[in-house]
Amino acid sequence: MTMTSATDPVYLGDAEDYVILAKTGISTVPSSVVKGSIGVSPIAAEAMTGFSLILDGSGDFATSAQLYDVNGTEAIEGKAYAPDYDPAIASALTTAVGFMETAYTDAAGRTNSDAARINLGGGTLGGAFGGVTTKLTSGVYTFGTGVDIAETIYFDGENNSTSVFIIQMTGNLLQAANTKVILTNGTLAKNIFWQISGNVEVGAGAEMQGILLVKTDILFKTGSKLTGRVLSQTACNLQMALIDSPPAV
């Protein structure tokens, strides 16, 4: 059996093929911009609403004017997948959802023996806790509550692009309107893992970064942005939001 340390990356497996993967639905209030592929499973394609999906001639996927390729250069190049499109697609989605659930469990199970990283700021981040002079460095942060991002926060990779950050919480994640998650000194969005037992709300105009491993649902309010992935065990709802796949480097 392969053992993982507290700060190894969380393995996403086939879930990494999707910028949004959800079990009970994905909705958008047009127009959102999604750079990358989306998928739902086990629920059917009708649970992807607001996209005006057009089924491809192959029957394997659908397209939408709101779905772009991962580089964001061509509309209609992002793909939407659902289990009722094709048996092979259904099987692939089941596998991806399994990886998503395993990744959530993995992130939730990482150990944290550093008292300074437990319930930091009482669950309120920004200013003295993750602000510009108190940046978050790599490791595991554990919250026995929800987390409120009340002000802009910073992650510091300390000039190491392999730095991994895991943020565990037993409650909800709320990001205030017009706040940002800013990455510095080599930090990559693909190496930030938010493990959220509750739901997520990203406020209007706010900018989030990282992999969102969400037990319940997530809402992106008008003008909000994510650089990362949404892996939701229920639903993902977009209100004219921008969802961007995380860069590899």
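These notebook entries record what I looked up in a predicted model.

**Entry 1: the sheet.** I began with the strand order of an open sheet. The sheet has eight strands, and I read their order as β5-β2-β23-β21-β19-β16-β13-β10, with parallel pairing. At the edges I found β5 (48-49) and β10 (124-125). Each of these has a single partner strand, so one side of each is left without a neighbour in the sheet.

Entry 2: I then examined strand β13 (residues 147-149) and strand β16 (residues 173-175), which run parallel and are joined by three bridges.

**Entry 3: Gln-239.** I located Gln-239 in strand β23 (residues 235-239), a member of the eight-stranded sheet. Is Gln-239 buried or partly exposed? I recorded a relative accessibility of 28%, so Gln-239 counts as partly exposed. Leaving aside neighbours within four places in sequence, I listed its contacts as Val-29, Ser-32, Leu-219, Phe-220, Lys-221, Thr-222 and Gly-223. For Phe-220 I also took the C-alpha to C-alpha distance to Gln-239, which is 5.9 Å across a sequence separation of 19 residues.

**Entry 4: Asn-191.** I turned next to a loop residue. Asn-191 lies in the loop between β17 (181-184) and β18 (192-196).

Definitions and conventions
Residues numbered from 1 in each chain as written. Predicted model: local features only at pLDDT ≥ 70, side-chain atom pairs only at ≥ 80, totals over all residues. Heavy atoms only, no water. Helix = DSSP H or I, 4+ residues; strand = E, 2+ residues; numbered from the N terminus. Pairing = 2+ DSSP bridges. Buried < 20%, exposed > 50% of the residue type's maximum accessible area, 1.4 Å probe, protein only. Contact = heavy atoms within 4.5 Å.
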